[in-house]
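Please look over the sequence and the structure shown here before reading on.

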Amino acid sequence: MSQLELALECNVSARHVSFLETGRAKPSREMVLQLARGLVLPLSAQNTLLSAAGFAPAFPASPLESDALGPLRDVLSEMIARHGANPAMLCDRHWSILDANAAARRLLSVFHGDAGETNVIRMLTQNSLSAELVENYPEVLAEMRGRLQLEALEAGDDEVLRELLADVERACADYPVGAADVARRPLVPIIFRTPAGRLSFLSTIAHFGTSEDVTVRDLRLELFFPADQQTRDAMAMFEAAD
């Protein structure tokens, strides 16, 4: 954004924005928050901006296991349980898995085995078998790269997200989307090759935007849904076996 665009967005003069940028003026706490809103920064980045200006963070970051977030944990547990036979997993802002149902753990086990890796991005990019396990691996990587580019841009100075994005970009260079895939489909599934056969899923990611707690706003609940009847039947069979 130019100084003028930011000034208009924040309802201040471009001259004042210029003085703040060059250090000729010091921002108040309220001005820092006003600029952060104009830049559409996530809560964690707003706290970082406040700290850089010499102010205390404005937004709490409660541990997920804290009493204050007990009601949220109950909601998350219910949402995961209600997803039944279909995979569901809860991740933090860096795509590390915090919780998962049995179906998700079964699906993810083919990636990390006994290695104990809990980061979804590293499972996809650092496991040498990923290209064999995911039938449409280049397509999935391309979608993930687009998502991480936006998240890294919004997060600002987040070294972990930048490293994860670099991992995905290296994998995309090694496995580019082929010419036959240029005509992109409206819905991109993730298709697994498993001992139970070919499993195809569409996913939706839920965010929690009704809180001013950094931890809550950074959570991602990813729910997978069967994209075809074969996958639907397989998941029902797994549920019956459990």
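A residue is called buried when its relative accessible area is under 20%, exposed when that area is over 50%, and partly exposed in between, as found with a 1.4 Å probe on protein chains only. This is a predicted model, in which local features need pLDDT of at least 70 and side-chain atom pairs count only at pLDDT 80 or more, while totals for chains, interfaces and linings use all residues. Residues are numbered from 1 along each chain as its sequence is written, and side-chain values use heavy atoms, with hydrogens and water left out.

**Serine 44**
- Serine 44 counts as buried because its relative accessibility is 11%, and this residue lies in helix H4, residues 43-52 (helices, H or I, of at least four residues and strands, E, of at least two are DSSP runs numbered from the N terminus).
- The side chains of serine 44 and arginine 93 are joined by a polar contact of 2.7 Å (a pair of N or O atoms within 3.5 Å; within protein, one must be able to donate a hydrogen and the other to accept it, and residues adjacent in sequence count only if both atoms are side-chain atoms).

**Arginine 220**
- Arginine 220, found in strand E5 (residues 220-226), counts as buried because its relative accessibility is 8%.
- Its side chain makes a polar contact of 3.1 Å with the side chain of glutamate 151.
- Leaving aside neighbours within four places in sequence, the residues in contact with arginine 220 (heavy atoms within 4.5 Å) include Met89, Arg93, Trp95, Glu151 and His207.

**Nonpolar cores**
- The largest nonpolar core has 38 residues, of which Met89, Ile97, Val134, Leu148 and Phe201 touch the most other members (such a core is a set of buried Ala, Val, Leu, Ile, Met, Phe, Trp, Tyr and Cys residues joined through side-chain atoms within 4.5 Å).
- Helix H9 (residues 137-155) gives the most to this core, with seven residues.
- Another core lies apart from it and has twelve residues, among them Leu69, Ala88, Leu221 and Leu223.

**Largest pocket**
- The largest pocket is lined by 26 residues, and Val140, Met144, Ile190, Ser203 and Glu222 lie nearest its centre (on a 1 Å grid over the protein atoms alone, a pocket is an open set of points where a 1.4 Å probe fits, with protein on both sides within 12 Å along at least five of seven lines, and lining residues have an atom within 4 Å of a point).
- Strand E4 supplies the largest share of this lining, five residues.
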